[in-house]
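Please have the chain open while reading.

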Amino acid sequence: MACLADVYKDKERTNWLKAWLAIDIAKSGLEHLADNVAQNFHRLIYSHVGSSSTSCTTANVQHKIIKEHRYNRLSLKNTSAHLWQTNYWEIAKCFFPPDGYAATSSIQDTDFNGVISFMLNFKRFDSSLSFPITTGKPTNPMSACLLYKAREIGKAVRHSSVMKVTDVELLDYFTTLSNLLNDSRYLIGDSDAQKAVKKLEELKKDTLLLTTAEMMHFLEAVDATLKKHLKDVAKDVVDTSLIELRENTALCIDKITDYMDTCKEELAKEAVSQKQDFDKNADKCMKDYNELTVSRKKDFDGNADKRTLAFNERADKCTQDYGKLTATGKTDFDENAEKRKQEYDTLTVTRKKDFDKNAKKRKKDFDENAEKHMRKINEQCGNTSFTETSYKKSSEEIQACIIEQYRAMCVVPVSMLDPNIDVPLERIYVPPSIKALKRGQDDIHGGSEMDKSSTMKSDVNCYKELLHRDGNPVNTIYIQGDPGCGKTTFSTKLVLDWCNAHSENGASTKKKRKVTTRGKASNRTGFSDLDTLRDYKFLFFVSLRDYSGTMCNVSQMVEEAIQSNKLPWDDSVWEHKCIVLTDAADEWYHPDLSYPPPRDYTCRCGKDQSMPLYLQRKNITNIITARPWKLANRRMSDSLTCMFQISGVANYQTLARNVIYVLAEKDGISQKAQQGKCNDFLEKLEKNNMGNLIIIPAICVQLVHQFYVGRLMEDSLCSIYMNMLDMHIANGLHKLQIEDFDTEEICVKEIEHIFETGKNEYMSANGSLIRSACALAFKTLTDSSKESSLVFAENTMTNHMTKTQVDYLLQTGIITKKKSLALSQQKNIPYMFVHKTIQEFLASMHIAINQTDIEDILKDIQRVYCDGESILDIGQLFIFTCGMCVPVAERMSKHMMDVITSDMESKLLSISDQIIDLFSTPYLAQRILLGGFIERLANKQPCLQLTLTHIALDDALDDFRIPRKEIDALNTLIDMNISNITSMDAFFCYNSQQELNRVQEIISQSRESLSYLRLRDLGQSDLQLDLQGLKLKSLFCSRNSVLSNLDCTYMRSCSILYPTPLSEMCILQSMSITGKNITSLQLMDDQSIDLLCAALPTLTSLHTLILYGTNLAVTLLYYLPESIRKVVYRASDVSAQDVKSMVEWSKSRYACVRFELLDCRLTANESDTFNWMKQQDGIDITQCESVPSIVKDHFRISISWSTILSK
């Protein structure tokens, strides 16, 4: 055994070696924790993003890693992204120091500094340690956490120029490392950590013994570090210190070398000694073995004789037994043979009958198949007599059958509150508001009306606009919409209109059509062109939920449905023009195939199994309806695919009148009285905060019914929905002729304030049923699977209530079975709440009822609504909760703002081909918070401290169209949060000095937190906005914004549109000095060309440059930094020579560059320019289009290309 004291005679140098060994021991104690955290995070990431290795998946993984980094930056020099999926340590290396760890592949070959940096930078270690982890460099070193102190110990030992450590320093090192390994949260129970603590204590007391091999390994590591350290520090020390360092280092190396030689000699001597001992022991063992062999042989011979005698005796006995058994077995065999013969004769007769029956079936199938092939032969030979007899008869039979079935099902209840009033759909139907979505269209103001990738076009008012594009039929049509907005109703009306178009009396619809309601004619303005539908021979309606998890081929679903109606099927049906209408794609999921898949299963879906497989033919139009989340990531082809947004009825007043007319017809009310009720209802709506709900058809009908029977409340949404549920329960009790539903006792007092006893007697009297419904609503709404959050199976319900309660809820209409127009008998009829807002209201009641479980409730909410795509779905649940449970509402608002902040940060850091709108989600979130604050007031809840850190200001709020209570609510919430605003979007088109002063006030109060600022069309050009002290990450300013004291140090995105001269000068000068971190720059109508040319070379991180209307396109290229990867010119004037110069410039870059000229005016023959580009090597042209300009001999061109780097 060896001791460190033997290496140096100098005590402080021995201390230095002890410190080295202490660091190595501490690393071994931390390895188990660090390795486990790295593996768990790797599994968590790939369980969310999937196992594919696409660039999209890698980007998603990188985004999740950034979110977990304490400083939101990755050490990409250390890691290889293509290894992330297979090696969890490659992901861990993203949290290491900036470089120096590319060669490490596991925690074992990672040094102490790498492991400690991993733990300091990775947020997930917060939950594994009892102390808060230090962020940044602490002003007081004594206040730093143990991890930070441990890293400083490593630096001090590694970078010591004299390789000495005092006794006091060494004692402090031992104390810090031991305290870290004894942390009470996790490490105190980790066996590896505690072994390391024990070793540190032994090292501290000089009782730790190392083997010679261990000592040599340790000294070699120190030797290598010393040599490396000598090279590193030589650059920074003065000559005198350098000489001293070299002498000390050489002395240390000589002593280490001498000691290593001594160790080698000791090893050689020990090896000779061990060999001699081995030879002696081998001779002794050989002698003992020979003696044992002789003894064992004698024992074996005696035992063999004994065993032979016993075997002979046993053989005689077995021979006698075998003879007896043979005789018995022969008798049994004869008896069994006779029995089997009789059974065989009986089976032969049965099989013959089955064979005859099967032969007849096979003959029938053969005849049908022969008929099919004969028809094809006759068609090819020009003989159509066969086709026009049996085939035409078969097609007409299929069409007539499905028309009859569709018409029988196109009857709907007027209201779920009285499902007994069934009328034809046409009696109450009002055309929906349907708009076409154009994917990927940029908005220079940074926004879109719907989402980040879609812009809305004009309303679609007829089937031709829906089914055709540029006069040609569309192959695939997606119709997306939120629950209850009318997707299924529109599908039902489409089916009914198709039936009418093919009826015997279906006259041409080229003339104006009318629809009557109770004898009164009303002009129909939308979707009345039945001639368009008459061009389609067949319309097949498929409810995808019926095939969820069982079938993935839509054409097979159609064939099965036709055959289930005992109709002959022929594939030639697909040769006609067909519409295949598939409903509820969001409730379908792909069958879970075993591996290897069954031989008889033919799945051709490939990697994309998010949607079923559709038959793609020019004569077939596939229409798919779904909720928006299902279609969020679908790739849309501009030529073959269209997407539409359905957002409720186009005219809710007409729908309200139609419903009132039908309800009044039942009661025999006069037409004058009907009109009076309609006017009263519409007048009452104007007074209530229900503008966002009344356009939803399902809710509009419910509210009309409430009003009709005199129960529509006026004070709050919670009261309206409470009343609606009370009517549902009363309706169910009336149908069953019973007094109440509850079969078990429940203490109603705990939820009495929610039930509002007295106003809603049926709710109060059936608390147990309502509580079960509330639990079901909350658990399904927070289900991690979106397919089952709104539509669920019966076993999901019985997890929260009894079967009897399920039946009761069905009778009330609160829960419904979701039926469809499907031709086949529905297999998996799912359950759902009558509308999503009913489900959200009940879920909010569950929150209020269970306030003792707030932490668990909030965890469920935060788990589901956790990113920018899902956070807005929390809106209606939040508004109801503001009216019933203030503590949870306050924490929900904080969660919403935190998620939006994280989402904005993620968007800002991402590199995308699209212009990303940072402010659309914050604006919609603000509307949600305003709705919640107003609902709190309406329900007289206590003071509500909502968190609103992302605000949108618009002086149009003072317009008379905006309710005063919304303006007051916004001002109140801003005052509550004025010192913590993170983003502000200010849009002013009027000269409102008061509002402009408000903007400056917010900027001044939130200097420490404001990171995102958008200023648009400020009305007064003489008001300067002082940005002193702001650490902006994103700035967007346009027109009359006048800025001063701008600091771009933290900025990554900047957009300047039509700036004032002062603002332009302020921004460009600031960029030149502090803009090195800007990655995206967008400019329009820039006038200060000299300042821009001076600023561009200093933007050393610039990735994307977008310029509008510039006349110096080529000149600016030569000022761009090396980091540039994308250049876009919009609406600019260019010449043919300019285009050639741009191509040559892009080819001269050392990295791949994407170049886009969009809607630019070319002063030359565009065909010559296009032909020249196509002949160029080294570029990949992705777009090349032109249209004549209004200016003679000019063309509007759009060209895009990317450079191809040579290998």
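## A buried glutamate

Setting aside residues up to four places away in sequence, Glu1156 touches Lys1126, Val1127, Val1128, Tyr1129, Ile1199 and Ser1200. The model is predicted. Glu1156 sits in strand β27, which spans residues 1154-1162. Its relative accessibility is 10%, so Glu1156 counts as buried.

## Salt bridges: the overall count

The count comes to 28 salt bridges.

## Asp206 and Lys18

Asp206 forms a salt bridge with Lys18. The closest N and O atoms are 2.3 Å apart. Asp206 lies in the loop between α7 (191-204) and α8 (212-233), while Lys18 belongs to helix α1 (residues 11-49), so the pair ties together parts 188 residues apart in sequence.

Asp206 is partly exposed, with a relative accessible area of 47%. Lys18 is buried, at 7%.

## Lys435 and Asp459

A salt bridge joins Lys435 to Asp459, with the closest N and O atoms 3.0 Å apart. Lys435 is in strand β3 (residues 432-439) and Asp459 is in strand β4 (residues 454-459). The pair links distant parts of the chain, 24 residues apart.

Lys435 has 24% relative accessibility and counts as partly exposed. Asp459 counts as partly exposed at 35%.

## Arg998 and Asp975

Arg998 forms a salt bridge with Asp975. Here the closest N and O atoms are 3.0 Å apart. Arg998 lies in helix α32 (residues 993-1005) and Asp975 in helix α31 (residues 964-977), so the pair ties together parts 23 residues apart in sequence.

At 13% relative accessibility, Arg998 counts as buried. Asp975 counts as partly exposed at 45%.

## A salt-bridge network

Lys779, Asp860 and Arg863 are linked in a network of salt bridges.

## Packing of α20 on α26

Helix α20 (residues 717-736) packs with helix α26 (residues 836-849) at an angle of about 105°. Their axes are 11 Å apart. Angles of 65 to 115 degrees count as roughly perpendicular, so α20 is roughly perpendicular to α26.

On the α20 side, the contact is made by Cys718, Tyr721, Met722, Met724 and Leu725. On the α26 side, Thr837, Ile838, Phe841, Leu842 and Met845 take part. By class, the contact has nine nonpolar residues, one polar residue and no charged residues.

Conventions. Residues are numbered from 1 along each chain as its sequence is written. This is a predicted model: local features need pLDDT of at least 70, side-chain atom pairs count only at pLDDT 80 or more; totals for chains, interfaces and linings use all residues. Side-chain values use heavy atoms; hydrogens and water are left out. Axes are lines fitted to C-alpha atoms, for helices over the stretch in contact, and angles run from 0 to 180 degrees between N-to-C directions. Helices (H or I, at least four residues) and strands (E, at least two) are DSSP runs, numbered from the N terminus. Angles under 35 degrees count as roughly parallel, over 145 as roughly antiparallel, 65 to 115 as roughly perpendicular and the rest as oblique. Contact means heavy atoms within 4.5 Å. Ala, Val, Leu, Ile, Met, Phe, Trp, Tyr, Cys and Pro count as nonpolar, Asp, Glu, Lys and Arg as charged, and the others, Gly among them, as polar. Buried means under 20% relative accessible area, exposed over 50%, partly exposed in between (1.4 Å probe, protein chains only). A salt bridge is a side-chain nitrogen of Lys or Arg within 4 Å of a carboxyl oxygen of Asp or Glu.
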